[in-house]
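Here's a quick tour for anyone opening this structure for the first time.

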Amino acid sequence: MEVMRHASTFLRPPPLPQAADGPAPSYALVVLNQRLPRFAPDLWSHAKLRIFADGGANRVYDGMPKFFPEQDPLEVRRRYKPDVIRGDLDSIRPEVKEFYSNLGVKVDDVSYDQDTTDLHKCIAFICDFIPEVDKSNLCILVAGALGGRFDHEAGNLNVLFKFSNIRIVLLSDDCLIQLLPKTHCHEIHIQSSAEGPHCGLIPVGAPSVSTTTTGLRWDLTNAGMSFGGLMSTSNMVREERITVRSDSDLLWTISIKKKA
């Protein structure tokens, strides 16, 4: 089975050294309508494509100048403008929409589609925008994906399964979540200065009959996991290289350190 490698190098400022076993990921950033994580400027610096999902535009407009209190807020807002604003546009404030429109930012109203979330709409846009040859190296970072209303969080988790062939990382100040598809073995390289030690593996889509890990404080060996049964929550990383193999798609979550 092919090995998929993961590393949260986006939690640190660029530039990054070239990975020994392959090219660095090509990042896209989606900002949702929740508080910006404190490392948002670093996520922005890594990304080659930036999209505000509806009210995410308000969050950047209001929040990004707070990271640079010594600078003119207007100049900060001009510097951190997206490539596109997309969604049903029921949350973006009129003055924020006007500000970015005057900067030449495309505002894409897709309110005709009420069957998908704003995050889904943004991921679909990225998939259409990125050439097929580059998708294998694509990683989409989603800021503000956790916290707030639980139904919104559940919708964001659903997007991970809907686009299971794309690497998507949901981020908040406290943790990250990503899908580990059952089609691959997974090798997770822990950025110990920025993340951990608390972590978990959660079988959300379907029960797991057999999951095996290495590198955790409480490793699993051909273990079954399900809601109502065993789940590897409140686990801890023991080594800087974690391996996971499962017959079910799993959610991987790990805490993000406050000084990241």
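Let's start with Glu 239 and Arg 238, whose side chains meet in a salt bridge at 2.9 Å, N to O. Here a salt bridge is a side-chain nitrogen of Lys or Arg within 4 Å of a carboxyl oxygen of Asp or Glu. Keep in mind that this is a predicted model, in which local features need pLDDT of at least 70 and side-chain atom pairs count only at pLDDT 80 or more, while totals for chains, interfaces and linings use all residues. Residues are numbered from 1 along each chain as its sequence is written, and side-chain values use heavy atoms, with hydrogens and water left out.

**Salt bridges**

- By this rule the count comes to 12 salt bridges.
- Glu 239 is partly exposed, with a relative accessible area of 38% (buried is under 20%, exposed is over 50% and partly exposed is in between, using a 1.4 Å probe and protein chains only).
- Arg 238 also forms a salt bridge with Asp 219, at 3.2 Å, N to O.
- Asp 219 sits in the loop between strands E11 (208-214) and E12 (223-225), and Arg 238 in the loop between strand E13 (232-236) and E14, so this pair ties together parts that are 19 residues apart in sequence.
- Asp 219 is partly exposed at 30% relative accessible area, and Arg 238 is partly exposed at 49%.
- Glu 75 and Arg 78 make a salt bridge of 2.9 Å, N to O.
- Because they are 3 residues apart in helix H3 (residues 73-79), about one helical turn separates Glu 75 and Arg 78. (Helices, H or I with at least four residues, and strands, E with at least two, are DSSP runs numbered from the N terminus.)

**A buried charge**

- Glu 195, in strand E10 (residues 195-202), is buried yet has no salt bridge.
- The nearest side chain of opposite charge is Lys 257, 9.2 Å away (Lys and Arg count as positive, Asp and Glu as negative, and His and the chain ends are not counted).
- Glu 195 does have a side-chain polar contact of 3.1 Å with Ser 8. (A polar contact is a pair of N or O atoms within 3.5 Å; within protein, one must be able to donate a hydrogen and the other to accept it, and residues adjacent in sequence count only if both atoms are side-chain atoms.)
- A polar atom of the Glu 195 side chain lies 2.8 Å from the backbone nitrogen of Gln 191.

**Cavities**

- The whole structure has 2 cavities of 30 Å³ or more. (On a 1 Å grid over the protein atoms alone, a cavity is a set of points where a 1.4 Å probe fits but cannot get out, and lining residues have an atom within 4 Å of a point; points are joined across faces, edges and corners, and a volume is the space filled by probe spheres set on the points.)
- The largest cavity holds about 40 Å³, and its lining residues include Leu 29, Trp 44 and Ala 143.
- Helix H1 (40-46) and strand E2 (26-31) each give two or more residues to that lining.
- The lining of the largest cavity divides into 9 nonpolar, no polar and no charged residues. (Ala, Val, Leu, Ile, Met, Phe, Trp, Tyr, Cys and Pro count as nonpolar, Asp, Glu, Lys and Arg as charged, and the others, Gly among them, as polar.)
- The second largest cavity has a volume of about 30 Å³, and its lining divides into 4 nonpolar, 4 polar and 2 charged residues.

How values were computed: 1 Å grid on protein atoms, 1.4 Å probe; cavity = no way out; pocket = protein on both sides within 12 Å on 5 of 7 lines; lining within 4 Å.
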